[in-house]
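Subject: Handing over the structure

Hi there,

Here is the structure I promised to pass on to you. Please have a look at it first, and then read my notes below.

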Amino acid sequence: MRPDNMDRTEQTVYILNGITLLPHYTLPCYVTPGFTNDTPTKLWTVNQLLDEGAEKSTAFLWPRGLLAQTNIRWSA
């Protein structure tokens, strides 16, 4: 199953300094978008985000657990 064919579900996200942090696909935390060797992904707990002033919001995303189960490899 390709990711673009999966049903998206409404999930909680947090917005911090204009950046939307998404739920990690397997861990109970939130992550910054993107990853490079120069800017590794930072993991945030809900409490850390709220302490920093993040705003709770929602977005329609692919189910986190389903992505982990399908072992999808994203193409570059």
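Of the 76 residues of the protein chain, 26% count as buried, where buried means under 20% relative accessible area, exposed over 50% and partly exposed in between (1.4 Å probe, protein chains only). This is a predicted model, in which local features need pLDDT of at least 70 and side-chain atom pairs count only at pLDDT 80 or more, while totals for chains, interfaces and linings use all residues. Residues are numbered from 1 along each chain as its sequence is written, and side-chain values use heavy atoms, with hydrogens and water left out.

The overall layout

The protein chain has 2 helices and 5 strands, running β-β-β-β-α-β-α from the N terminus on. Both kinds of element are DSSP runs numbered from the N terminus: helices are H or I with at least four residues, strands are E with at least two.

The 5 strands form an open sheet in the order E4-E3-E2-E1-E5, with antiparallel pairing; two strands pair if DSSP finds at least two bridges between them. Strand E4 (43-44) and strand E5 (55-61) stand at the edges with a single partner strand each, so one side of each has no neighbour in the sheet.

Strand E1 (residues 9-16) is joined to E5 by 7 bridges, and Ile-15 stands opposite Glu-55 in E5. Towards strand E2 (residues 19-23), E1 has 3 bridges, again antiparallel; here Tyr-14 has Leu-21 in E2 as its bridge partner. E2 in turn is joined to strand E3 (residues 30-31) by 2 bridges, with Pro-23 and Tyr-30 as bridge partners. The hairpin that joins E2 to E3 goes through 6 residues.

The hairpin of E1 and E2 has 2 residues between the strands, and Asn-17 is in that loop. Do look at its backbone: phi of Asn-17 is near 55 degrees, a positive value in a residue other than glycine. Most residues other than glycine have a negative phi. Asn-17 is also exposed, with a relative accessible area of 73%.

The core and its rings

Which residues make up the largest nonpolar core? There are 7 in all: Tyr-14, Leu-16, Leu-21, Tyr-30, Trp-44, Leu-49 and Ala-54. A nonpolar core here is a set of buried Ala, Val, Leu, Ile, Met, Phe, Trp, Tyr and Cys residues joined through side-chain atoms within 4.5 Å. In soluble globular proteins, nonpolar side chains tend to be buried together. Leu-49 touches Tyr-14, Leu-16, Leu-21, Tyr-30, Trp-44 and Ala-54, leaving aside residues up to four places away in sequence.

The structure holds 1 aromatic pair. Tyr-14 and Tyr-30 form this pair, which is edge-to-face at 5.0 Å centre to centre and 85 degrees between the planes. The two are 16 residues apart, Tyr-14 in strand E1 and Tyr-30 in strand E3. (Rings of Phe, Tyr and Trp, its six-membered ring, pair if their centres lie within 6.5 Å; planes under 30 degrees apart count as stacked, over 60 as edge-to-face and the rest as tilted.) Tyr-14 is buried at 5% relative accessibility, and Tyr-30 is buried at 11%.

Beyond four places in sequence, Gln-11 touches residues including Pro-23, Ser-57, Pro-63 and Arg-64.

Asn-47, by contrast, lies in helix H1 (residues 46-51) and is exposed, with a relative accessible area of 55%. Its C-alpha atom is separated by 9.9 Å from that of Cys-29, 18 residues apart along the chain.

Best wishes

Terms used: Contact = heavy atoms within 4.5 Å.
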